[in-house]
Amino acid sequence: MEQIGFLPPKAAVLARRDEIVGDLLDLLPEGCLVHETRELVPFETDAFVSYRRVPLAVALPETTAQVAAVMKYCHRYGIPVVPRGAGTSLAGGAIPQEDAVVIGLSKMSRILDIDFANRTATVQAGVTNLAISDAVSPDGYFYAPDPSSQLACTIGGNIGMNSGGAHCLKYGVTTNNLLGVKMVLVDGTVIELGGKALDAPGLDLLGIVCGSEGQLGIVTEATVRLIAKPEGARPVLFGFDSSEEAGACVADIIGAGIIPVAIEFMDRPAIAICEAFAGAGYPDDVEALLIVEVEGSETEMDDMLRAIIEIARRHGVKVVKESQSATQAALIWKGRKSAFGATGRIADYICMDGTVPLSQLPHVLRGTAEIIERHGLRVANVFHAGDGNMHPLILFNANDPEDAARAEQAGNEILKLCVDAGGCLTGEHGVGIEKRDLMRHQYAEVDLNQQMAVRAAFDPQWILNPSKVFPLEGRPAA
Ligand SMILES: Cc1cc2nc3c(=O)[nH]c(=O)nc-3n(C[C@H](O)[C@H](O)[C@H](O)COP(=O)(O)OP(=O)(O)OC[C@H]3O[C@@H](n4cnc5c(N)ncnc54)[C@H](O)[C@@H]3O)c2cc1C
């Protein structure tokens, strides 16, 4: 798997390595710069582990002012910078290049302000996603976007990738729950966008920053929306004899105007993998499983479930299993949320992240199966069905270069299928290096040029996370 390229390292930067390290040591407090090769190795990749590059150095600042000082220095000397949270990106968004200084936000992990009157939390960028909900849960609140990696991933990384999760069907993804950021621009200037109020006049720069994959600046603080916990929540399992019927059922539930909190899909291989890991009580005699979670008062949940079960019956549902306790509900979610980790126990895999209009789910599921079969591979499908955000996990053997190349080729074909069905290349994992060269399949040249012009307005030299998101060829000269 080496056809994905990085920009060639800048020889002038590499030649000055020792001098750069010395200067950075002067700019940062003791213990805030990693520069010995063996200590740099943990930063050479992210969760898209197929590609690796050991960076020049890793700065671990403790304050916005230190981030700004390092940025200003790198900008002055044209040194590439790669922002990094927890390094859980599945698209290679946080993989560095050899001449880059990584700026890791892990030491900036304080919750700065919790404001229940305005229902907001202001946190440093290195705070983990789950830590926000943990901090406000005793008072009956939570932070809605819930990536399965929420124990580890940071709010800065969530903003970088506009991350989502199982419960985003009702509450939206990061961009819908982000109110403001403090951000360091490429030249070290610190700006603030948004705030505690609902909306801000002028261009929606906050909207552009969310999902910008570390290419517009480095977020050091974020203000996010808190949501009051519902009275109750109930996940229900629906088993079907075919993936197509399950997919069609999802489209009909949403089409009927019912919005559960979550609708998650698993096919037979995914059910088996997750059940073996979590003992979640998933049925073993169905081809596809939906986890549908409703929330509200007992009466509201009963009413919604009655309507959903009626729709599922029209699609020949074989198993309907309501969770009977909080423990059972937690187990059902444990199974789903462990899907990636559980799959990693049995095989190497790459996780695709295409999104399609709901009406296209059955068609794309069929097409995915055909592509996988043609390449002689195996797939486990587990995804946010209510959002049409598909995650085929393509299983392969990373020690076999031909198998790996087949997996990558199949993944590209599946993403193109999603785009051709009216969808897009990414629902929540971002473009990174993984889908960079497929951007031409999604966008016309003129659209791509306009996006690159916006990016260049923030970073004319293209030093922020430079190898990512946009195809390497056809970029404006930096
Ligand atoms: C097991 C597993 C399950 C996952 N499940 C989900 C899921 O359900 N939903 C989902 O959306 N994703 C999921 N992911 C992907 C990943 O967790 C998300 O993309 C997450 O938001 C990355 O956060 P991070 O802190 O690890 O960021 P990193 O991986 O370190 O960085 C991600 C991107 O953001 C940029 N970045 C990081 N910090 C900053 C900052 N402070 N300012 C500016 N840019 C920054 C980086 O340069 C990079 O481009 C999963 C990953 C794994 C390994």
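Colleague: What caps the N-terminal end of α16?

Modeller: Aspartate 400 does, in this predicted model. One of its side-chain oxygens lies 3.0 Å from the backbone nitrogen of glutamate 402. The cut-off for a polar contact is 3.5 Å, so an N–O pair at 3.0 Å falls within it.

Colleague: How do you know that the span of α16 agrees with what a helix of 20 residues should give?

Modeller: Take 1.5 Å a residue, and residues 401–420 should span 28 Å. Just after the helix, glycine 422 has a positive phi of about 95°.

Colleague: Which residues of α16 are buried, and what do they pack against?

Modeller: Quite a list: among them are Asp403, Ala404, Ala407, Glu408 and Gly411, along with Ile414, Leu415 and Val419. The buried residues pack against the strands β16 (348–351) and β18 (392–396), and against the helices α15 (361–374) and α17 (439–442).

Colleague: What makes α15 and α16 antiparallel or parallel?

Modeller: The angle decides. They pack at about 160°, with axes 10 Å apart. Over 145 degrees counts as roughly antiparallel, so α15 gets that label relative to α16. The contact involves His363, Val364, Gly367, Thr368, Ile371, Ile372 and Arg374 from α15, with Ala410, Glu413, Ile414, Leu417 and Cys418 on the α16 side. The crossing of this pair is right-handed.

Colleague: And α10 with α12: why are they called oblique?

Modeller: Helix α10 (residues 243–255) and helix α12 (residues 298–314) cross at roughly 140°, and their axes come within 9 Å. Roughly antiparallel needs over 145 and roughly perpendicular stops at 115, so an angle of roughly 140° leaves the pair oblique. Cys249, Asp252 and Ile253 of α10 meet Ile308, Ile311 and Ala312 of α12. α10 passes α12 in a right-handed crossing.

Colleague: How are α2 and α4 placed relative to each other, and why?

Modeller: Helix α2 (residues 17–27) packs on helix α4 (residues 64–77) at about 155°, with axes 10 Å apart. That angle is over 145, so they are roughly antiparallel. The α2 residues in the contact are Glu19, Ile20, Asp23, Leu24 and Leu27, and those of α4 are Ala69, Val70 and Tyr73. The crossing of α2 and α4 is right-handed.

Colleague: Let's turn to single residues. Why is histidine 384 called buried?

Modeller: Its relative accessible area is 3%, and buried means under 20%, so histidine 384 qualifies. Histidine 384 lies in strand β17 (residues 378–384).

Colleague: What joins the side chains of histidine 384 and glutamate 428?

Modeller: A polar contact of 2.9 Å. If you leave aside neighbours within four places in sequence, histidine 384 is in contact with Gly165, Ala166, Ile263, Glu264, Arg336, Asn389, His391 and Glu428.

Colleague: How far is glycine 344 from isoleucine 273, in sequence and in space?

Modeller: They are 71 residues apart in sequence, and 9.8 Å apart in space going from C-alpha to C-alpha.

Conventions. Residues are numbered from 1 along each chain as its sequence is written. This is a predicted model: local features need pLDDT of at least 70, side-chain atom pairs count only at pLDDT 80 or more; totals for chains, interfaces and linings use all residues. Side-chain values use heavy atoms; hydrogens and water are left out. Helices (H or I, at least four residues) and strands (E, at least two) are DSSP runs, numbered from the N terminus. The expected span of a helix is 1.5 Å times one less than its number of residues. Buried means under 20% relative accessible area, exposed over 50%, partly exposed in between (1.4 Å probe, protein chains only). Contact means heavy atoms within 4.5 Å. A polar contact is a pair of N or O atoms within 3.5 Å; within protein, one must be able to donate a hydrogen and the other to accept it, and residues adjacent in sequence count only if both atoms are side-chain atoms. Axes are lines fitted to C-alpha atoms, for helices over the stretch in contact, and angles run from 0 to 180 degrees between N-to-C directions. Angles under 35 degrees count as roughly parallel, over 145 as roughly antiparallel, 65 to 115 as roughly perpendicular and the rest as oblique. A crossing is left-handed if the near helix is turned anticlockwise from the far one by less than a right angle, and right-handed if clockwise.
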